[in-house]
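Colleague: I want to go through this model term by term. For each label, give me the value, the cut-off and the conclusion.

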Amino acid sequence: MATPKHLAGDSRAAYNGFVTLSGQIQSLIRDLPDEKGPRLFLERLANEQPGAYQKLLRERALLSDSLALAAWSPLLATTLEQNPDYISWLMRERADVRVRTRDQLKESLARFALTNSTLTPQVLFARFRRRELLRIYLHDVRRAHTLVETTEELSNLADAILDYALSLARQDLDNRYGAPLRDERGRIATAEFCIIALGKLGSYELNYASDIDLLYIYSDEGTTAGSSERGKLSNREYFIKLSETVSKLVGHPAGEGAAYRVDLRLRPHGRDGALACSLDEVLKYYSKSAQAWERQALIRSRAAAGSSSLFSRFATKVVNHIYREDISVKEALTSVRLAKQKIDRKVERRNAGFNVKLQRGGIREIEFIAQALQLAHGGRDEWLRVAHTLISLGRLADRNLISEQERSELSDAYAFLRTLEHRLQMEHGLQTHTVPQNEPSRSLVARRLGFSGVSAVEDFESALISHTTNVRSAYDRVFAEDAGALTQQRSVIEADLLEKGRAPNAVTDEPLDESRLKIDQAFRPFQREKWRYSP
């Protein structure tokens, strides 16, 4: 480690102290998955933020956590370097491993806004999210949180930001046009508005770089009250403006990137549809016009912000269009399988390495197994109507729609693949799902997943093949694909390995059970590793 600039020219004793300190730092770095990143982080911090650097040196436990973040995420190392005040914040937050609720995060965001009152909302939201990721990812890599807890907290964070953005947008529009009104049995009341979360946000399974899929609905047509500043608007015009404003506040990059990428393509009529729809409009669409995959998307829907009572009215009336008693099992499975085949064709054309989300045996196949069986049987069995993938798998096994072995293997694969996805994304904060093909990057991914030693890469690749093979096997059974597909394991993963001249034992059928023993020892997705935080 280079001597920091602020020590240059100091006494020999000070320099010797630095050398001793370097030895202590080396002992902290030695067992991290990446040694170069933490060293660069400390050197830059010492040279550019000497006060923050000295604070870290005085707090060994905080230093250890900061080095861990730098080893697992260069993105968050840069965040600490650029915002040295976050180090003091992290010192207060690091030992509290409770999963923050949406309300707690809303309170934190309100305090953050008070102390950063000069920031535009877009920058405010982006900075707040980045700061909170320091705490969430630290608890993730330290195994203080399970995967389920991590994705729940990431979802709560998005909800809190959406709620705050909605408050800002509504206050501004009410000041300009007055509140949107409705006639409720002869009594004038304020029309309701709800931001519905779909996809991973809708099931509390958001990852670190997910788009957030949103649907905006409002309760009634009518007009606004008007104001001294502007005239009246129709409620439709008001709520479309409100939707536009929320989307821009949360999803428009303003110098430091957007807090989230907002995806509105799942709204009625897709890109051609209005940004906001009345309850009557949206119910009519899902009852008469929506395609099967659009109704399937509503399996994972909930109120993220706004009126929960409006969402309840929507959910109560649309549920019978999602889960139909009159649909046959074959029809439900065929609809989902065709959607997956379209995805497969697109992914095959890219041919850029293994995609943990979309490739054969990936995350999407696990989700589609669960959702297809829910659609096939949920019309006659309300207990199957749940959004979270892992809960759904458990209930499907309880109903003997998948075997207990399949439930266990699919759940383990889901946890493994989602954790792999998180490690890929938190490298630089990008929405990536592709395992790198070059050896150094692949090795780093393996170590960040907990594989170690000279066989780290081989063990990681064996685990990846084993999990995806299990997923594909369950997928083919559920969807009754040609049994011959099970033997076609020369997938993108294995082709990649063979191109490198390596054919790990797990590619063949016989040693899969043996490799699984290694996986179980190296990776327990639902078992917390006890992490002792130093006081």
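This is a predicted model: local features need pLDDT of at least 70, side-chain atom pairs count only at pLDDT 80 or more; totals for chains, interfaces and linings use all residues.

Colleague: What makes strand 1 and strand 2 a pair, and do they run parallel or antiparallel?

Modeller: Four bridges join strand 1 (residues 181-184) to strand 2 (residues 187-190). Two strands pair if DSSP finds at least two bridges between them, so these two qualify. They run antiparallel.

Colleague: How many helices and strands does the protein chain have?

Modeller: The chain has 22 helices and seven strands. Helices (H or I, at least four residues) and strands (E, at least two) are DSSP runs, numbered from the N terminus.

Colleague: Which strands pair with strand 4, and in which sense?

Modeller: Strand 3 (residues 193-198) joins strand 4 through six bridges, and the two run antiparallel. Cys-194 has Ile-217 of strand 4 as its bridge partner. Strand 5 (residues 261-263) pairs with strand 4 in the parallel sense over three bridges. There, Ile-212 stands opposite Val-262. Strand 6 (residues 276-278) also pairs with strand 4 in the parallel sense over three bridges. Ile-217 has Cys-277 as its bridge partner in strand 6.

Colleague: Why is strand 4 called largely enclosed by the rest of the structure?

Modeller: Buried means under 20% relative accessible area, exposed over 50%, partly exposed in between (1.4 Å probe, protein chains only). Seven of the eight residues of strand 4 (residues 211-218) are buried, so the strand is largely enclosed.

Colleague: Why is His-269 called exposed?

Modeller: Its relative accessibility is 52%, so His-269 counts as exposed. His-269 sits in the loop between strand 5 and strand 6. It has a positive phi of about 70° although it is not a glycine.

Colleague: What about Asn-400: buried or exposed?

Modeller: Asn-400 comes to 68% relative accessibility, therefore it counts as exposed. Its loop lies between helix 17 (389-398) and helix 18 (404-425). Asn-400 is not a glycine either, and its positive phi is about 60°.

Colleague: Why is Lys-55 called partly exposed?

Modeller: The value for Lys-55 is 21% relative accessibility, so the residue counts as partly exposed. Lys-55 lies in helix 3 (residues 50-58). Not counting residues up to four places away in sequence, it touches Ile-87, Ser-88 and Met-91. Contact means heavy atoms within 4.5 Å.

Colleague: How do you know that the span of helix 9 agrees with its number of residues?

Modeller: The expected span of a helix is 1.5 Å times one less than its number of residues. Helix 9 (residues 147-177) has 31 residues, so it should span 45 Å. Its end C-alpha atoms are 44 Å apart, which agrees. Just after helix 9, Gly-178 takes a positive phi of about 85°.

Colleague: Why does Glu-153 count as buried?

Modeller: Its relative accessibility is 0%, so Glu-153 counts as buried. Glu-153 lies in helix 9. Leaving aside neighbours within four places in sequence, its contacts include Arg-98, Arg-100, Arg-135 and His-145.

Colleague: What makes a set of residues a nonpolar core, and how many residues has the largest?

Modeller: A nonpolar core is a set of buried Ala, Val, Leu, Ile, Met, Phe, Trp, Tyr and Cys residues joined through side-chain atoms within 4.5 Å. The largest has 76 residues. Phe-41, Leu-67, Leu-162 and Tyr-260 have the most contacts inside it. Helix 9 gives the largest share of this core, 11 residues. A second, separate core of 67 residues includes Ala-290, Ile-369, Tyr-414 and Leu-449.

Colleague: What share of the protein chain is buried?

Modeller: Buried residues make up 53% of the 535 residues.

Notes: Residues are numbered from 1 along each chain as its sequence is written. Side-chain values use heavy atoms; hydrogens and water are left out.
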